[in-house]
Amino acid sequence: MQFRQHQREAHIRTARLLGLFALMLLGLICLINLSLALAYKLLMPFSIGFPELFFETNTGLVLLFVLGGCMVESQRLSEGGGPRVARWLGGREVLNPDDATEKRLLNVVDEMALASGQPVPRVFVLTREDAINAFVAGWRAQDLVLCVTRGALDRLTRAELQGLVAHEFGHIKEDDLPLSMRVLALVWGLSLVYGYGQTLMGPDEKGHVGPLSWLVGLVFSIVGWMGWMAGRILQAAVSRQREFLADASAIQFTRSRDGLGNVLRKLWHDQQVLAGRMRHPAAGMVSYLLLHEPGAAGCLSNHPKLSERIRRVCGMVLPPMPAPLIRLEIVEPRHAPDSVPPISGPSTQPSQEILAEQARLEKQAAAREALIHLHGLVGPTERRLITLALMMNVHNEPERALWHHLAEGVHEAHRILEDVSALQANRRVPEFERLTASIASEPIEQRRALVEHARDLLRADGRVSPRERLWWLALRHRLHDRQNRQAYARPTTGQGHELHHMTPDSMVHVTALTTYLARFIPAEEGPQGLSPGSVAWFHGVMSRCGRPTDMQPGQAPDADALMHALAGVQELSWMMRPLLLKAWVEEAVNHSEHGVLSDQTADALRLVAGLIDAPLPPMLEAHYPKS
């Protein structure tokens, strides 16, 4: 079903692209005929009319150059794929490098391929480009290439290089490349004459420019300028949302916003000092593929503004960042070849890494099948059972026994537990939200019964953990009667606009709720009390609220005190609640292992976000699939 949907979307995008190309070609024909007609009248002011077949000849020549160029380049790209684009721009393939930065690049590409589940492309370096940039090109897995400029290798840290490469893998994941290759062929046809002129005007391999070739190139550039402009308009007309999607995928693959965020800030600095332009004459034709195209006018730019991309990635518009040369203190070894999942071709002796990768893919396939089956269960009883299964620990025998008792009479009830167990960890809360949103419209008696069953289920083993209580509160909150529920839109007057501006009463509620959450964020409470990471998380949140940095978590609130604290936080203004949630999330990332949120921590923070009616920060939203 997904394949057919992707196929339909690809056909729609191709048809839209061809329609735009036809409009650009028609407009180009009209402009050239008009320009030549005006030129003819200026040169021959006393002539009557125009020569025979004047407009037909002009139109035929335009069609010959444009359509002929498109056909020729389409054939070349079809045969050469991504490697042709890379070599066209002066790229050199990286195979067995001695250079430390190129070894690091190959390792990062391997890591992002594993993180994204995409094939490993061939890697090229644009050795003559000092700007920070990159692109991917190709039709299919067998001819994929990833090109990175020399400037990116020399001026980006490893984390930033991961963000840049992850962005390009986002384009592969979103299936942008076939459309990009078609755009490239059409733009090449429109810009054929102009591009030839720019090539003649550019320096040779030794950096020399011949005066005669420069003059000839100037003539061709002037003649082909209209076609070049049509190509730019065609590129700009294609949706720019794909860059935002690729940015979001980069955060998902790297599990960090800082890498890509710093790359964009360095690009912004280069753009301000006019140091970010690509040198190759044909760079304008492939600008649609690049990470960013500096210097383009707003109406002709085929990328969103850097400030907007930084705001979406980082949560705010951070200032530009200089990009000096970086010296590698440690030369990392090249990953073993058998640690890379092959694009094609069997292996006679699969390595442990390949076997693990195959197991991961099989697990993903089982998770997709389970999700499809769960979505097909639309009965009210089945939806309530799935909701309970998502909340419980499916490996807890008392909870399983009570769940099966509640599921008596339901056909293939055991399949529900199997499907819930097979789901990917970051799917549980989104499925919980989807189901509770539909159950919220059921009669209040059924909703109350579900809340009671959930309470009995979670304490079936004789205890209710802090995390389980959070699930139960989220369920009760989401199934609350929407007609009688008051929106938490307390006026902002008197509350300030920063966390440290909160009133003393509000601070008491925030402290109590944060103390409760510290029992399982970012790590579970142990027999000896809170983990060091949880204590550090509590200190970080409290310092953002203007409290002393040495403030220690007190006694965790009981059920009644927790409800009181939660009600107090819910009454914070609509501006303060997102700030508090953002502090919880960012401090959880700062004090999680390797700076990556665990699935359990992310789920807890998402449940709390629903409880206080606050939107998810980008850093937390990136942890979950888009749909």
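Reply: Arg255 counts as partly exposed because its relative accessibility is 33%; here buried means under 20% relative accessible area, exposed over 50%, and partly exposed in between, with a 1.4 Å probe and protein chains only. This is a predicted model, in which local features need pLDDT of at least 70 and side-chain atom pairs count only at pLDDT 80 or more, while totals for chains, interfaces and linings use all residues. Residues are numbered from 1 along each chain as its sequence is written, and side-chain values use heavy atoms, leaving out hydrogens and water.

Back to Arg255: its phi is near 60°, a positive value in a residue other than glycine. Most residues other than glycine have a negative phi, and most peptide bonds are trans. You will find Arg255 in the loop between α10 (241–254) and α11 (258–272); helices are DSSP runs (H or I, at least four residues), numbered from the N terminus.

Asp613 also has a positive phi, near 55°, and is not a glycine. Its place is the loop between α24 (599–611) and α25 (618–621), and at 34% relative accessibility Asp613 counts as partly exposed.

The next backbone spot is a peptide bond: the one from Ile521 to Pro522 is cis, with omega near -5°. Pro522 belongs to the loop between α20 (504–517) and α21 (532–544).

Now for the rings. Rings of Phe, Tyr and Trp (its six-membered ring) pair if their centres lie within 6.5 Å; planes under 30 degrees apart count as stacked, over 60 as edge-to-face and the rest as tilted. By this rule there are two aromatic pairs. In one, the ring centres of Phe432 and Trp471 are 5.1 Å apart and the planes stand at 80°, so this pair is edge-to-face. Phe432 sits in helix α17 (residues 428–439) and Trp471 in helix α19 (residues 466–478), so the pair ties together parts that are 39 residues apart in sequence. Phe432, at 0% relative accessibility, counts as buried, and so does Trp471, at 8%.

The other pair is Tyr516 with Phe520: the centres are 6.0 Å apart and the planes at 85°, so this pair is edge-to-face. Tyr516 counts as buried at 3% relative accessibility, and Phe520 counts as buried at 1%.

One more ring contact involves a charge: the charged end of Arg606 sits over the ring of Tyr624, 4.5 Å from its centre. That wording applies if NZ of Lys or CZ of Arg is within 6 Å of the ring centre and within 35 degrees of the ring normal.

Conventions
Helices (H or I, at least four residues) and strands (E, at least two) are DSSP runs, numbered from the N terminus.
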